[in-house]
Amino acid sequence: MLLLYLGDKVVKKIIKGCIVILCMVIIFSFSMDNSSESTRKSEGVILEVTSFLGFDLTSQQQQHIVELFFVPVRKAAHFFIYFVLGITLISFLREFSIPIRKLILLSIFLAFLYACSDEVHQLFVAGRSGQVSDVLLDTIGASVGVGLYYLLFRKKLKEIDLSLIHISEPTRRS
């Protein structure tokens with residue numbers, strides 16, 4: 001009942017804001033894993049994919065596959081989760097009628113700040129370290145997500161941008 005009272009636009013902002021927060025909580029929860037738990041999860045993903053693809057590997061072959069794909073899988077995870085964060089951020093911030101250029105830059109900047117805080121957080125987790133390269137990769141992932149969102153919704157975003165120009169123009173008196 002409260003949601004009906006708030007109105008569609010407010011409800012949309014709340015839902016999109018909650019999705020951004022959920023994405024950030026997921027990132028934070030992965031960052032809380034100590035090094036052995038994080039390694040176990042990465043290895044598990046690699047082994048599940050090989051099993052899904054139908055490979056019947058010996059344990060020596062499994063170890064070789066894990067060693068081969070360990071770093072790429074971890075880096076892909078960084079890229080992907082921040083790709084999603086970038087999309088959720090721009091979608092949320094779009095609800096505030098921010099001009100396109102500022103919307104894109106703010107979305108990327110907020111993702112960058114969160115990536116920095118995530119890497120600092122990892123400095124306090126047993127066996128983990130903060131990596132500048134991960135911040136860069138995270139920011140690239142978010143930028144690609146923001147860019148894709150812009151490409152998919154550019155017509156709608158330009159309409160919003162034009163409406164902002166009309167709102168901000170002073171009325172002329174004759």
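Residues are numbered from 1 along each chain as its sequence is written. In this predicted model, local features need pLDDT of at least 70 and side-chain atom pairs count only at pLDDT 80 or more, while totals for chains, interfaces and linings use all residues; side-chain values use heavy atoms, with hydrogens and water left out.

The protein chain has 6 helices and 0 strands, where helices are DSSP runs of H or I with at least four residues and strands are runs of E with at least two, numbered from the N terminus. Along the sequence this gives the pattern α-α-α-α-α-α. Of the 174 residues in the protein chain, 30% count as buried, that is, under 20% relative accessible area with a 1.4 Å probe and protein chains only, whereas over 50% is exposed and anything in between is partly exposed.

Two packed helices are described by the angle between their axes and the distance between the axes. For helix α3 (residues 35-52) and helix α4 (residues 59-94), the axes come within 9 Å and cross at roughly 115 degrees; axes here are lines fitted to C-alpha atoms over the stretch in contact, and angles run from 0 to 180 degrees between N-to-C directions. The two helices are therefore roughly perpendicular to each other, a label that covers 65 to 115 degrees, with under 35 counted as roughly parallel, over 145 as roughly antiparallel and the rest as oblique. Residues in contact (heavy atoms within 4.5 Å) include Ser38, Val45 and Ile46 of α3 and Ile65, Phe69 and Val73 of α4.

The largest nonpolar core has 12 residues, among them Val20, Ile27, Leu85, Ala111, Tyr114 and Val135; such a core is a set of buried Ala, Val, Leu, Ile, Met, Phe, Trp, Tyr and Cys residues joined through side-chain atoms within 4.5 Å. Helices α2 (8-32), α4, α5 (100-122) and α6 (132-168) each supply at least two residues of this core, and α4 gives the most, with 4 residues. Leaving aside neighbours within four places in sequence, Leu85 is in contact with Val20, Cys23, Met24, Ile27, Ala111 and Tyr114. A second, separate core of 9 residues includes Leu93, Ile98, Leu103 and Val146.

Ser97 lies in the loop between α4 and α5. Its phi is near 50 degrees, a positive value in a residue other than glycine, and Ser97 is partly exposed, with a relative accessible area of 37%.
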